[in-house]
2 protein chains.
Amino acid sequence: MSLSVNFTEAVNNAIEAIKYPYVTPGLFAPIRYTLDGGGKRIRPRLLLAAYLACGGKEISEAMPQALGLEMFHNFTLLHDDVMDNADIRRGRPTVHRKWDVPSAILSGDAMLTMASQLMGECEDSKLREILRLFNDTAMEIYEGQQMDMEFENRNDVSVDEYMEMIRLKTSVLLACACRTGAYLAGASEEDCKLFYDYGIALGLAFQLRDDWLDTFGDPLEFGKEIGGDIINAKKTWLLITAMQEAPEEISDILAEDLENAERIFQVKRTYNSLNLDARCSRLVNSYVEHAVACLDKIDITPEARDFFADLARRSANRTH
Amino acid sequence: MSLSVNFTEAVNNAIEAIKYPYVTPGLFAPIRYTLDGGGKRIRPRLLLAAYLACGGKEISEAMPQALGLEMFHNFTLLHDDVMDNADIRRGRPTVHRKWDVPSAILSGDAMLTMASQLMGECEDSKLREILRLFNDTAMEIYEGQQMDMEFENRNDVSVDEYMEMIRLKTSVLLACACRTGAYLAGASEEDCKLFYDYGIALGLAFQLRDDWLDTFGDPLEFGKEIGGDIINAKKTWLLITAMQEAPEEISDILAEDLENAERIFQVKRTYNSLNLDARCSRLVNSYVEHAVACLDKIDITPEARDFFADLARRSANRTH
């Protein structure tokens with residue numbers, strides 16, 4: 001089965017076709033708005049591609065679960081935006097700004113239940129395992145979000161804790177997507193596990209590249225201001241590493257009342273003195289290599305292997 | 001199987017025994033706090049009693065689903081309190097007051113996923129139907145909450161719309177509890193349906209009695225101030241009926257700048273002129289009679305029938 005499918009278009013068409021057969025349009029308008037916001041559709045694409053790579057025939061067979069994970073992901077974004085009091089998501093007002101906080105909370109709740117319903121649209125023999133993985137993954141993601149919030153008020157976060165947080169907050173859902181696609185196609189337990197591990201490594205590379213781009217990205221390509229993480233003193237891999245290796249220098253800069261541009265300049269100077277630009281990139285690449293090593297053990301065609309290897313490499317080299 | 005079980009104690013013990021085997025206590029403390037808040041445990045009690053009434057042997061077999069519905073119910077209270085900006089729940093600070101809004105949202109999300117996990121702890125052959133009913137019920141409850149919020153900004157709510165709102169917001173979860181208990185015990189589809197209908201009627205009686213108590217209750221027994229609904233101009237059966245039958249009188253009172261006691265006095269005077277006290281009580285009783293009529297068609301022992309009939313009658317006559 002060829003992987004040269006336009007997954008994004010297929011997913012967008014399926015999202016367009018979701019029926020909201022209920023009597024309260026006010027509950028469903030924010031859901032439609034959130035799903036229509038675009039995004040990379042990376043989770044459903046991974047699920048559908050893993051499904052085809054493992055011998056699945058028709059992507060329509062795996063589409064409910066692909067939509068289920070996209071629905072779940074968008075639910076987390078919606079509720080995260082309320083928690084973070086964010087105004088903008090994907091260039092548009094967030095749901096609680098366009099409507100209000102109660103609508104954002106309630107529509108998010110409905111998205112979580114709808115995600116669960118979509119995940120369950122599979123044959124009986126696969127239902128329990130699909131839901132087990134989905135629910136376990138959801139719990140891990142809440143834990144990741146909780147850790148991320150707690151990090152804001154801590155100055156002793158270790159690199160290991162940070163890596164665990166991004167594994168929970170970002171990686172497990174990508175891993176769940178890969179594994180669910182493989183499982184639906186009837187892949188062996190070993191291949192399901194390897195696809196899961198591929199997703200974990202992919203997610204870590206993806207998130208670390210995110211941190212890197214926010215500080216070292218090209219302003220012309222990045223699409224938003226460089227240095228937002230520095231201004232917000234966000235506990236990224238870069239800041240946590242610098243706090244460990246140059247604690248006094250970093251805490252002096254953070255304590256000073258500086259203009260944004262000057263703060264970014266001084267923090268980056270410290271990062272450069274520690275060679276964090278190159279070290280972060282090397283770490284990203286090591287996760288990409290780990291992801292590719294997982295692929296090499298999975299029983300899939302060379303074409304499928306290259307598809308997923310390319311996807312990992314592009315995540316590691318993306319400029320926005 | 002005797003129904004003389006202390007269901008509340010069994011449920012409380014099971015809640016006490018819930019394991020939170022995760023690394024982020026900050027996520028789980030609000031969940032524990034919410035579940036420890038008490039409440040009548042009416043949903044798990046209904047589920048367990050229906051299970052025994054229909055021939056179930058050990059309530060431990062149905063306890064995961066009993067806890068699942070109690071977890072779900074408490075999740076809705078937690079998120080409703082954020083939406084309503086409420087300060088107090090069951091005599092204690094609400095979660096978003098004791099912690100903060102992000103903790104309340106995130107812990108609630110985790111409760112919804114945990115509820116789903118608990119509902120799934122049944123034999124494979126029952127899994128799909130249990131989850132179908134649970135998820136459909138959840139969606140209906142969100143719709144009920146949405147309708148309730150929309151009613152606040154409308155002055156043309158009909159009695160039919162109000163009854164549909166309380167069916168969605170309150171009744172379907174009681175009905176789900178009854179049906180799930182019966183289903184787990186292996187009751188016939190007909191008996192499952194009748195238990196569901198019993199739960200719907202019970203819920204409507206319960207909620208209408210709630211409305212009645214807030215206006216006509218005995219202040220010494222009610223436990224909180226009488227007239228809260230009138231002061232907040234809450235769209236209850238009483239106010240909606242009065243707005244239809246004495247629209248000018250009611251809108252004049254609501255438009256006036258009155259002291260609370262005077263507003264309560266004037267609205268109650270209008271209610272009395274329309275005989276709403278007795279009419280509301282008659283409506284409550286008609287739902288109780290409908291609930292009992294459902295019981296009479298179910299294949300259960302006279303003892304079980306009396307247990308559920310008493311429960312309905314006590315809901316209709318409760319003073320707090």
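Mentor: Across the interface of chain B and chain A, two salt bridges are found by the rule applied to this predicted model. Arg128(A) forms a salt bridge with Asp124(B), and the closest N and O atoms of this pair lie 2.6 Å apart. Polar contacts across the interface of chain B and chain A link 14 residue pairs, both residues being at pLDDT 80 or more. As for the elements involved, helix 2 (25-35), helix 4 (59-84), helix 6 (101-119) and helix 7 (124-151) of chain B each contribute at least two residues to the side of chain B that touches chain A, and helix 7 of chain B gives the largest share of that side, 15 residues. Sorted by class, the side of chain B that touches chain A holds 21 nonpolar, ten polar and seven charged residues.

Turning to contacts and area, 38 residues of chain B are in contact with 38 residues of chain A, and the two chains bury about 3,500 Å² between them, with 66% of that area on carbon and sulfur atoms. Of the area that chain B buries against chain A, 19% is supplied by Arg128(B), Met139(B) and Glu143(B), which is more than any other three residues supply. The reason for quoting an area at all is that the size of an interface is often given as the accessible area lost when the parts come together.

Notes:
Residues are numbered from 1 along each chain as its sequence is written. Chains are lettered from A and ligands numbered from 1 in the order in which they are written. This is a predicted model: local features need pLDDT of at least 70, side-chain atom pairs count only at pLDDT 80 or more; totals for chains, interfaces and linings use all residues. Side-chain values use heavy atoms; hydrogens and water are left out. Contact means heavy atoms within 4.5 Å. Buried area is the accessible area (1.4 Å probe) that two parts lose on being put together, summed over both. A salt bridge is a side-chain nitrogen of Lys or Arg within 4 Å of a carboxyl oxygen of Asp or Glu. A polar contact is a pair of N or O atoms within 3.5 Å; within protein, one must be able to donate a hydrogen and the other to accept it, and residues adjacent in sequence count only if both atoms are side-chain atoms. Helices (H or I, at least four residues) and strands (E, at least two) are DSSP runs, numbered from the N terminus. Ala, Val, Leu, Ile, Met, Phe, Trp, Tyr, Cys and Pro count as nonpolar, Asp, Glu, Lys and Arg as charged, and the others, Gly among them, as polar.
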